[in-house]
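Me: I have a new structure open and would like a quick tour. Can you take my questions one by one?

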Amino acid sequence: MVDKEFIRKRHFVDGWSIHELSKKCKISRQSVRKMLEDVEVPKYRLTKPRPRRAMERWIPVIEAWIQEEEHFPKKQHYVSSRIYERLQEEYGEEFTAAESTVRYWVRRIRNRPKEAFVPLAADAGELAEADFGRVVVRIKGKETDVHMFVIRLRNSGVIFAHAFSTEKIEAFLEGHRLAFEWFGGVPHDVRYDNPKTAVTKILAGPMRDEHSLLSSLRAHYLFDSDFCRPGEPHEKGGVEHGVGFVRRHVCVPVPDVPDLATFNAMLLAWCEKERNKRWTKWEQERSALRPLPVHPHLCVTTRPVVVNKLCLVSFDHNRYSVPSIYVGKTLTLRSHAEEIELLDRGRVVATHIRCHERKQTFLQLEHYLPVLAYKPHAATHAAVVRQLPEVYQRIRVRMTNSRPDGYKDFVAILLLHQTFAAKDILNAISEIGPDVVTAEQIRKHLFQSEASPAMQVPDELKMYRLARQNPARYDSLVKGVIH
């Protein structure tokens, strides 16, 4: 640049010719002319492509592979590192280019223009965005995939998250109910992508055939639904980012919890903390939300089920027990996100934790006790008995081996569950000893522990005195004499 400055000043100020400048500065006349035409800092200009000896053979191969990926699922397209690995695997020592060179040519071949986006905004209370995301949680030491329902208010950015075992329609509905109750109100509009739980058919443009239960939810809370274009989840980018935001801040490192309820308590505490950071905007948004209805929405699906001879009903490829008196009858099964209820004419007769696996059977001892009372021998091999704690198995083996009808003594212990809580019976067994315990000993122990303290007499009753009972008065009635 110093030479350029000297040449331009000598030519334009002092009037030196190009020939004279070339001779004095020992620079070609062509270079002098370039310096006189251009005042910018000198830069290197590539006049022809650099040689590409290492990649000359492989560029057509890469182009063919990239064209093939058009028929692949969008999430299974090539990345540059995979193309580099495949070239090494298939061509071995023939391929000598570096990975950085492959990345450069993949980028040039694709030459994808950057997509432009429009910043989104919404008034207070106008719009919320909802989505599901998967996270890994360690429950009782076992890594488990859970489904996290996330809903975010667009104006204030306040976010709510709750984890479920599934993304089924019951969890979808329950997530809305919990979110609206936590917000203390309902946004005017909720935006989704096109989940199968909410959309049964995608029609032209913004039109959708919605699940009837989503319509029921909207009718109850009086909000409108809005759907992104298929394959365009960025149209609800606030919650798309929100799912990752929750995952990175709550689930790193992987939470180790005893159950899903504990993890949800962690999520709720984090949501409260994040909401406090946005308190000013949150107060503005909260005042613009629609009020909650008087009663919460019942986020369930219902169906009739018939109780078979084994006191079981089938639901979602699993079986659940009900009290034996309902064998052969039709009950109503009400499924929540995490539990199921069995009802007889509106009255709940059985409740189970809902299982999202398959071919599982869930039995409750109290449902079979009336049958065991008149079929005591069945207790020796009953499945519901075999799932009881190990201490019961010790008692069963001891009593059935003591005499031929020892199973009756064991059933007598089981029948105590009709009167006393299971944990109290277990405590009594541990205190008495499983190798000597009997039903009568357990009953006596429980009655002694339940003995109530002396009753306190209120002050206003202390003035009254009861006459001492005299049995002789009844003798006088027999003799016809009345005192």
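Predicted model: local features only at pLDDT ≥ 70, side-chain atom pairs only at ≥ 80, totals over all residues.

Me: How many helices and strands does the protein chain have?
Reply: The protein chain has 18 helices and 15 strands. Both are DSSP runs, numbered from the N terminus: helices are H or I with at least four residues, strands are E with at least two.

Me: What share of the residues is buried?
Reply: Of the 483 residues in the protein chain, 39% count as buried. Buried means under 20% relative accessible area, exposed means over 50%, and partly exposed is in between (1.4 Å probe, protein chains only).

Me: And the contacts, what share is between residues 24 or more positions apart?
Reply: Such residues make 58% of the contacts in the protein chain with a separation of 6 or more. A contact means heavy atoms within 4.5 Å.

Me: Switching to sheets. What is the order of the open sheet of 4 strands?
Reply: The order is E9-E12-E13-E14, with antiparallel pairing. Strands E9 (301–306) and E14 (347–353) are the edge strands, and each pairs on one side only. Two strands pair if DSSP finds at least two bridges between them.

Me: How many bridges link E12 and E13?
Reply: Strand E12 (residues 330–335) and strand E13 (residues 339–344) pair over 4 bridges, in the antiparallel sense. Arg334 stands opposite Glu341 in E13.

Me: Now a helix. How far does H7 reach?
Reply: Helix H7 (residues 169–183) has 15 residues and reaches 21 Å from first C-alpha to last. That is close to the 21 Å expected at 1.5 Å a residue. The expected span is 1.5 Å times one less than the number of residues.

Me: Is H7 mostly covered or mostly open?
Reply: Mostly covered, with 14 of its 15 residues buried. Just after H7, Gly184 takes a positive phi of about 80°.

Me: Next, charges. How many salt bridges are there?
Reply: The count comes to 23 salt bridges. The rule asks for a side-chain nitrogen of Lys or Arg within 4 Å of a carboxyl oxygen of Asp or Glu.

Me: Which residue does Arg191 meet in a salt bridge?
Reply: Arg191 meets Asp226, at 2.9 Å, N to O. Arg191 lies in strand E4 (residues 189–192) and Asp226 in strand E7 (residues 224–227), so the pair ties together parts that are 35 residues apart in sequence. Arg191 is buried at 18% relative accessible area, while Asp226 is partly exposed at 23%.

Me: Where do Glu272 and Arg275 lie?
Reply: Both lie in helix H10 (residues 260–277), 3 residues apart, about one turn of the helix. An α-helix has 3.6 residues a turn, so residues three or four places apart point the same way. Glu272 is partly exposed at 29% relative accessibility, and Arg275 is buried at 10%.

Me: Which residues join into one network?
Reply: Lys168, Glu170, Asp316 and Arg354 do, through salt bridges that share partners.

Notes: Residues numbered from 1 in each chain as written. Heavy atoms only, no water.
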